[in-house]
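Please walk through the fold below, beginning with a single pair of residues and widening out to the whole chain.

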Amino acid sequence: MKFTISTEKLKKWLEIVNHATASISTTPILENILLKVNYNNIILTSNNLEMAIEYIISEDITIEKEWSFCVPSKLFTNYMNLVQDDEVKIELLSDESIKINTGSWKLKIKWFEASEFPLIPTIREEISLNISGKIIKKSIDKTLFSSAEWNIRPTLAGLYVNIKNNEVIFASTDSFRLSEHKTPLTETVSTDFSQIIPSKTCNQIKSIIDDEQEVKIVSWDNQVAFLTWDVKVYSRLLNWKFPDYTSFFPNSYSTKAEVNRIDLMWALKKINLVSRENNYSIKMSLSGSRWIELETSETQIWEWDVTLIGVVEWEDNIVWINSTYFLEVLGVIETTHISISFENPLSPILISPVTDPDKSDTSNNSFKHIIMPLKI
């Protein structure tokens, strides 16, 4: 087996498939990448048994002979990151090793039998639909941050994805906060999709697919696959039932405020230096006198108090809130101003974008988020 490949492209492809390589595993073969060398392409595959990635290489390669083998992912990738030559020639040797020749450097790596590598699930298109990569990436970005950690709440460590008729809905919650992002579709989908996709998988999908790509989503049994022309991402689904969350979003409020998002973010970044001593709890006071005050309790370091100008409607009120949660949701909103509303100091705090009057893009109105207040 011999083939020649662009160094730059190989580095890029290795970076992608490494997202599903097990770094430390009781099954050593999972720490490897499978290379299937065909006459017209090379398929790189990684599989950690929860998620698998296939990358099909059909450009910038010259293939002389076919073969399939596995190589240690970490060693292979670290070595390639040091290579500066334009091309790499890889050759299979008779002593169960491969020779990597870059012109100025040569390296021999022991290879393992391809038959030892776990099989990728066979796709059965029980559910199949096409969605743009841009919609998928933006929906993940708007909701991933409020999903639960697997080791803390595994039943909530995923994104609920509901695609039906002419709308895509992503939602997530860790029981302390809840995000929902809706995107209208220009064409009605013929097949409904309603599943919980692990947060780890969603995080990798966001970094792998491009905005311009059309992504085919296929689901069967307990599996889901995201397919583009050159990348295939396979993942197990979470079998738990996602909470019926829609009733959690409040329909009324006694206090509502609008404030500049950037000013608020800077204030929270500063106040976090102090609030971390109190588990990031801060007091937010809203006054009809057009001000919003943020303050911390006194800590061993210091205390902090900042006042922002805003528009406050209805009743003056005080609520305690986690400043890190507050800061994270502001980071996924794109508008200049945001709205803060709640019924009383113990009710959910609704945070949503305020459409910029000088911009025609109203897509941010499809996002809403609630944070549960702290009981002090």
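Which residue is the bridge partner of I340 in strand 25? The partner is I351. Strands here, like helices, are DSSP runs numbered from the N terminus (E, at least two residues, for strands; H or I, at least four, for helices). This is a predicted model, in which local features need pLDDT of at least 70 and side-chain atom pairs count only at pLDDT 80 or more, while totals for chains, interfaces and linings use all residues. Residues are numbered from 1 along each chain as its sequence is written, and side-chain values use heavy atoms, with hydrogens and water left out.

With six residues between them, strands 24 and 25 form a hairpin. Strand 24 also pairs with strand 19, again in the antiparallel sense, over six bridges. H337 of strand 24 stands opposite N260. Five of the six residues of strand 24 are buried, so the strand is largely enclosed by the rest of the structure. Buried means under 20% relative accessible area, exposed over 50%, and partly exposed in between, with a 1.4 Å probe and protein chains only.

These strands are part of an open sheet of twelve, with antiparallel pairing and the order 15-12-13-14-26-25-24-19-22-21-20-23. Strand 15 (193–198) and strand 23 (317–322) each have a single partner strand, so one side of each has no neighbour in the sheet. On average, neighbouring strands of this sheet are turned by 25 degrees against each other, direction ignored. Helix 4 (residues 199–208) packs on the sheet, touching strand 12 (158–164) and strand 15, and its direction makes about 95 degrees with that of strand 15. Axes are lines fitted to C-alpha atoms, for helices over the stretch in contact, and angles run from 0 to 180 degrees between N-to-C directions.

Helix 5 lies across strand 19 (255–260), strand 20 (281–287), strand 21 (291–295), strand 22 (305–314) and strand 24, running at about 95 degrees to strand 19. W266 has its place in helix 5 (residues 261–275). Is W266 buried or exposed? At 52% relative accessibility, W266 counts as exposed. Its C-alpha atom is separated by 9.1 Å from that of L327, 61 residues apart along the chain.

L327 is one of the buried residues of helix 6, among them also Y325, F326 and L330. Seven of the ten residues of helix 6 (residues 323–332) are buried, so this helix is largely enclosed by the rest of the structure. At the start of helix 6, a side-chain oxygen of N322 reaches to within 2.9 Å of the backbone nitrogen of T324.

Next come the nonpolar cores, sets of buried Ala, Val, Leu, Ile, Met, Phe, Trp, Tyr and Cys residues joined through side-chain atoms within 4.5 Å. The largest has 59 residues, of which I131, I163 and I217 touch the most other members. Helix 1 (residues 7–17) gives the most to this core, with five residues. A second, separate core of 32 residues includes L268, L286, V306 and I340.

Contact means heavy atoms within 4.5 Å. Leaving aside neighbours within four places in sequence, I131 is in contact with residues including I136, I163, Q213, E214 and V215. With the same exclusion, T228 is in contact with I209, Q213, E214 and V215. T228 lies in the loop between strand 17 (223–227) and strand 18 (231–236), and counts as buried at 10% relative accessibility. The side chains of T228 and D230 are joined by a polar contact of 3.0 Å. A polar contact is a pair of N or O atoms within 3.5 Å; within protein, one must be able to donate a hydrogen and the other to accept it, and residues adjacent in sequence count only if both atoms are side-chain atoms.

Finally, the chain as a whole. The protein chain has six helices and 26 strands, and of its 376 residues 51% count as buried.

Notes: Two strands pair if DSSP finds at least two bridges between them.
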